[in-house]
Amino acid sequence: MFDNLTNSVQRAFFLETVFHVSGNRELIIENCNKILECSDVFMSLSSTSLVVQIWGSELRAFDYKTKGLVIRGKISHIELVERGKRHEKSAEGLHKD
Amino acid sequence: MKNQLRGCIKINVKGKNLYQFINAVHDRRIGIFQQYVKGNSLSAEIYRNKLKIIKSIADEFDMELKYFEYDTVSAKIIRQRRRFGLIIGALIVIGASLYFSNVVVTIEIQGNETVSSDLILTALSEIGIKEGIPFGQINYIRSENQLQTMLDDISWVGMHRTGHRLVVEITEIIPKPDMLKNRLPCNVVAAYDAEIVDFSVRDGQLMKKIGDYVFAGDMLINGVTSDSTGHVTLHHAMGSITGIYKNSADFQGSFTKERMTATGETEKRRKLKLFGLEIPLYFGRNHYEYSSSEVLERPFSVFGIQLPIVLKTTEYTELSRSETTLSADELRAELMEKIYLYEQNFLDECEILERKITEDENADTLTLTVEYRLKGDICKEKEILIK
């Protein structure tokens, strides 16, 4: 019930994570709270309810002034993991940094 | 392409708290681009004005910050900020551009043929329009009307602005042709006391014949004729009656004369006329008591295009006042020259049959009295019906 309420509020106030993918060259993410990892082959971002993991090459992050982030480069793989259900391996990788 | 105005700085941040630093930047909503992490260092680009905040965040998280600025327009300008000459020059250029784009630099007059441009410029300056006046101060409609009333020979005036020029378009009045009074009834009378030697009558009735002596004002051709029934007809009497008559003229000259003669001393004064503003290139005044001056204006031009920069040179020639005494022969020669000019100008339509010159000389003056015996037209029209 609490989850449903949270989802409704997020939807109502446009706080959900929004993606816009242009080919494999650009990915725009709205409501991105944190950058967990940021290298030229892998990026991990934390949004309201998701952890977004992006693989590719020559990845660059741009302009996250308004809680948004633009990732440009050659994107090969995007993985969305719910925040509470992340794999232990991924979490470990984050805390090492 | 980098933002040329805001400037772009490449940063390289190293340290243990790298992701804390990244997210602190993120939380403070600072624009940061091209960011990626390699090893333990973050590479990214920021605007120049964010460098201070980035430095403080780096200090806060104990990070090592290295940076350099890309070569942008604003960076180049900032680099030149100590070169005051360039700054002053640029400011002068900007100021001059702003000033000259808002004031009348040249006044161009179009469409005038008989009315001189100088006269129009003088009239314009009287109503307050001259080089250097701001365009915003010109009331075009009022000025056009004023100029039209000031100059009689102008029928229409239009003014408009073209860049820094004020163009004054003029339409001149087409003069009314003189009325030919060929049909007004008139008589022909004698202009001089004369002896008639020839005649040719084109209209009217001849009243005299060859060999008659007439006095000035005597009727020669009558413009009023009547037939046997008593019907009166009015004519515009026309004809040519040649007579021999006398005329005289006096020419007088003084032996002593005041003349202004050049001493040979000259002085040149130059002024630089810049957009109508005259800048003197000399000091002091002209100390000549009497002088004549000659003005020469030489505009500068580049590739045949005339610039509004003129070098105005005034050459003063010193004159001295001197009293000269002429001999009788010199004065006579001078007067004879006047007689020649008189004959050329006033007696060119007559035949001079005889010329008798008598001299009257006293202490100060010499008078030549010339008595002519002339052969020429003696007709003078006299209207019958006077208004």
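Before I show anything, one definition: a residue is called buried here if 20 or more other C-beta atoms lie within 10 Å of its own, exposed if 12 or fewer, and partly exposed in between. With that in hand, A:Glu58 is exposed, because 11 other C-beta atoms lie within 10 Å of its own.

Let me start with chain A. Of the 97 residues in chain A, 24% are buried, and if we take the contacts with a separation of 6 or more, 43% of them are between residues 24 or more positions apart. The average pLDDT for chain A is 81, with 82% of the residues scoring at least 70. There is a stretch to treat with care, namely residues 90-97 of chain A, where the pLDDT is below 50, although this stretch still has 10 contacts in the model beyond near neighbours in sequence. Where pLDDT is low, the predicted coordinates should not be read in detail.

Chain B has seven helices and 22 strands. Buried residues account for 15% of its 387 residues, and among its contacts between residues at least 6 apart in sequence, 68% join residues at least 24 apart.

Now to where the two chains meet. Each side is described by its residues: chain B contributes 14 residues to the contact, and chain A contributes 14 residues. On the side of chain B that touches chain A, the elements giving two or more residues are helix H1 (18-27) and strand E2 (32-38), and of these E2(B) gives the most, with seven residues.

The next topic is the nonpolar core. The largest one has 35 residues, and those with the most contacts inside it are A:Leu45, B:Phe21 and B:Ile22. Strand E5 of chain A, residues 50-62, gives the most to this core, with six residues. If we leave aside neighbours within four places in sequence, B:Ile22 is in contact with A:Ile35, A:Cys38 and B:Leu42. Apart from this core lies another, of 16 residues, which includes B:Val189, B:Ile196, B:Val214 and B:Ile241.

What does B:Ile57 touch, once its neighbours within four places in sequence are left aside? This residue lies in helix H2 of chain B, residues 51-60, and its contacts are with B:Phe21, B:Ala24 and B:Val25. B:Ile57 counts as buried because 21 other C-beta atoms lie within 10 Å. B:Ile57 and B:Gln20 are 37 residues apart in sequence, and their C-alpha atoms are 9.8 Å apart in space.

Turning to the strands of chain B, four of them form an open sheet in the order E10-E12-E8-E22, with antiparallel pairing. Its edge strands are E10 (205-206) and E22 (379-383), each of which pairs on one side only. Strand E8, residues 186-190, and strand E12, residues 219-222, pair in the antiparallel sense over two bridges, and B:Val189, which I mentioned among the residues of the other core, has B:Met219 in E12(B) as its bridge partner.

Elsewhere in chain B, strand E18 (residues 290-302) is joined by 12 bridges to strand E19 (residues 305-325), and the two run antiparallel. E18(B) is hardly covered, since the count of buried residues among its 13 residues is zero. At the turn, B:Val302 has B:Ile305 in E19(B) as its bridge partner, and the hairpin has two residues between the strands.

That brings me to two residues with a backbone angle worth a look. B:Phe303, in the loop between E18 and E19 of chain B, has a phi near 50°, a positive value in a residue other than glycine. B:Phe303 counts as exposed because it has 4 C-beta neighbours inside 10 Å. A:Glu58, the residue I opened with, also has a positive phi near 50° and is likewise not a glycine, but A:Glu58 lies in strand E5 of chain A.

How values were computed. Residues are numbered from 1 along each chain as its sequence is written. Chains are lettered from A and ligands numbered from 1 in the order in which they are written. This is a predicted model: local features need pLDDT of at least 70, side-chain atom pairs count only at pLDDT 80 or more; totals for chains, interfaces and linings use all residues. Two residues are in contact if their C-beta atoms, placed from the backbone, lie within 7 Å. Helices (H or I, at least four residues) and strands (E, at least two) are DSSP runs, numbered from the N terminus. Two strands pair if DSSP finds at least two bridges between them. A nonpolar core is a set of buried Ala, Val, Leu, Ile, Met, Phe, Trp, Tyr and Cys residues joined through C-beta atoms within 7 Å. pLDDT is the predictor's confidence in each residue, from 0 to 100.
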